[in-house]
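Please examine the structure shown below. The paragraphs that follow lead through some of its parts.

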Amino acid sequence: MSLLSVARLAKTYGGAAALRDASLTIEAGEVHALMGENGAGKSTLIRILAGVVQADSGEITVAGEPASIANARDAYRLGLRFLHQELNVASRLSVAENIFLGRAYPTRWGGLVDWAALRDRASAALAALSASHIAPETIVGRLAVGDRMIVKIASTFVDDASAPGRIFVMDEPTAALTSEESERLFRILDELQRRRAGVLYVSHRIEEVLRISNRITVLRDGVSQPPIATAEATREMLIERMTGRTRLEAAARPRQSTNARVALSVDRLTGKGLEEISFDVREGEILGLAGLGDAGGDRLLRALMGAMTGGSVTIAGEGVRPRGPAEGWRRGLAYVPRERRSEGLLLSQSISDNVALPHLNRLSHLRLFLNRLAERAETAAVGRRVRLRATGPRQRAWRLSGGNQQKVMFARAVAGAPRLLLLDEPTRGVDVAARFDIHALLREIAAAGAAVVIASSDREELLALCSRIAILTDGRLSRIVPAEGLTAARLLALCYGDDRV
Amino acid sequence: MNSPAIAFVRRHGTLIGVALVVVYFWLHLPATFLTGRNLLNISQQMSMLTVVASTMTVVMAMGDFDLSVGSMASLAGVVAALVFLAGGSTAVAIGVALSAGLVGGLLNGFLVAYVGILPFIGTLGAMTVYGGLAFWLSGGKTLFGSAIPHGFSDFARSGIPLGFDLTFPNLTLLALLSAALVWVFLEQTVAGRRLYAIGDNAEAARLAGVPVRPLRFASFGLAGVGAALAGLMYASRVASANPTQGSGLMLDAIAAVFLGQTMTEEGEPRVLATLAGVLIIGVLGNGLTQMNVDSYVRDMLTGAIVIAAVATSSLGRRRGE
């Protein structure tokens, strides 16, 4: 008897079919991966399981019993627990309070909160995840992202005798995690399997899915395909099933000519959490920034964009020291921040407004009055270049899928023909096809002579794109290695400080 | 949640409500309400609010507020009257009053943009300070008399003759001119677009090269100038200045912008929508006054209408997939 079985689910939103025929089963002790491009219906399936929306048709069975999930409370009672990619924590409350958020706090004396019991039970939940390094009284806002994720996981694990958690739905749980934090999560998954719980694991990361899951179900255009045993699955097979395309692997890494001119030269740069970093990037080169956890790649990009406190930066032989992003863009730098929703997009505005924002001076009359025709023409041109799928330049950013939103960020970055492109996790939370398009675009931009610097926790991505990779350790540049001949495992070893080349 | 009927009510609910109100007044006041004279009268009554609400739209486009505009309007009127009492000319009085507005506004802008105080708190403090200053400078009295030149007070009482014994009031003209300037600024300039970017997502705007601090600083300055201009218009209209005469402007201006926001596509503040909001408040006030409704009741109705409008427009505005 399966722990969870969904059969022939369908859901239509205002005429658009989000889910047409989705079926899958999860056995006790199984990690079942769910994969698919953005817009394939994964989110809708999760929302149905969570009771956020109701399916138009189809059946859900939990431990053999037909189940109807009308709201979040029903899902909870059935033992379903959800871990979303967006970390919804109450950042001003303590760890213990977050763990018990949304359920009854332990009480004493007729209703007053029993803070000591709350803390003890939170400690116990954290200890069960071997995460005793997190103190239950810490304010969550002070924790690293990975630790916040563990707090969320702990909150799904707190024992509730009336409704024990037995099916865990994880939506892109590693998207915001460092590699050690991901490892910790994987150990938690092992523990869940040992306890005979079931896990529905949604991820774009193929290597990860191949490593930790037992079976894989692929959704394409709202239709599920029969599950594959992970032992028999390959990367190519999954990509083909998700996209319907067979060949997605791109051309080899661009050849780097060593006599190209130096595009960016950084000398003893210092900044918040950065110490004396020096390196060069040549025109046409893609340099990767790798490191464990909070090593400082993101801070290095921000420092180049104007947050540096010391040292010097030379771009195309010209000494520059941007005092802020405004000057950075003016001097030919372009920056794609890590969090597209909170740091990048103007969600309620049009694609054209989003793309043109840093380039308004150029796309205007007399640098004073807007020139909407020029803005739309430019947006259409770069939109085609990044293969943006949208109804037109006036479509609002919030209506786009995650992959297309990221393409809007790229369209903004390449619109000014930048000399130096700074990218922070450029393909995070983006589906395989969009990732492919973005990688192709980056190679094209580099081939046209721009220098590109990418901070990424996705080692496969760095190896696929970069000619050299800079290894950062706690805000210091420990070494720069050529990517040629490097494997992901070797790169990880280098990040851990292994000195053999 | 997304049925066409709900979408229609959400977007146009405010206008439907206003149309009903206008029809109601028209039926109850057939002889006086929908007449050219009365409409011009309303436009003049609303001219100060039009100016303040327009510049308030600029600040609110960035997602900020300026609570000090009412006090600033009073202060500017008092300052102008003091200049007159000291023997200054009309030009000097207007210049000094507008400068006071600019300085006061930039001070707000400095607190918000460079010191980093929340606009609500910063301008709340400024509201009290400017209000107190107006009392202190005027000695708590209404300033009037022969010192106020006729040229200054006649401006508000005259206008462009339209024939049929009607005149287009100067104050209305000035208000429309100010609103038009703000419209050009917000809708047609690079700086205006950047303000909306800040209002949508200030951090994203900063990282995309928008000079967030200077723009915030300058926008509050503009709101101060708008408030001072409204104060001068008021002083001209009543040929006097007292330290509380602008006090109703701030809440009405914010209400007008909110009413306007219920009529725009994404709920953002737009000047033309704000003008519609001003008109709603004006029509309501004028009609209820003519029907001899108590001014307290009028306040209650205005407040209830703002809440109802914002509530209908947020029906189903929740964003999801």
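In helix 5 of chain A, the buried residues are G146(A), D147(A), R148(A), M149(A), I150(A), V151(A), K152(A), I153(A), A154(A), S155(A) and F157(A). The model is a predicted one. Because eleven of the 13 residues of helix 5 of chain A are buried, this helix is largely enclosed by the rest of the structure. The elements against which these buried residues pack are strand 6 (80-83), helix 3 (95-99), helix 4 (115-128) and helix 6 (179-194) of chain A.

The length of helix 5 (residues 145-157) of chain A can also be checked. At 1.5 Å a residue, its 13 residues should span 18 Å, and the C-alpha atoms at its ends are 19 Å apart, which agrees.

Strand 23 (residues 451-455) of chain A is mostly covered, with five of its five residues buried. Cover is present on both faces of strand 23 of chain A: A451(A), V453(A) and A455(A) are buried on one side, and V452(A) and I454(A) are buried on the other.

Which strands pair with strand 23 of chain A in the parallel sense? One is strand 16 (residues 286-291) of chain A, over four bridges; here L287(A) stands opposite V453(A). Another is strand 22 (residues 420-424) of chain A, which runs parallel to strand 23 and is joined to it by five bridges. In this pairing, L422(A) has V453(A) as its bridge partner. Strand 22, helix 15 (residues 432-447) and strand 23 of chain A together make a right-handed β-α-β unit.

Finally, the confidence scores may be considered. The model scores ipTM 0.86 and pTM 0.78. For chain B, the average pLDDT is 90, and 97% of the residues score at least 70.

Methods. Residues numbered from 1 in each chain as written. Chains lettered and ligands numbered in written order. Predicted model: local features only at pLDDT ≥ 70, side-chain atom pairs only at ≥ 80, totals over all residues. Buried ≥ 20, exposed ≤ 12 C-beta atoms within 10 Å, placed from the backbone. Helix = DSSP H or I, 4+ residues; strand = E, 2+ residues; numbered from the N terminus. Pairing = 2+ DSSP bridges. Right-handed = clockwise from strand over helix to strand, strands pointing away. pLDDT = per-residue confidence, 0-100. Expected span 1.5 Å × (residues − 1). Contact = placed C-beta atoms within 7 Å.
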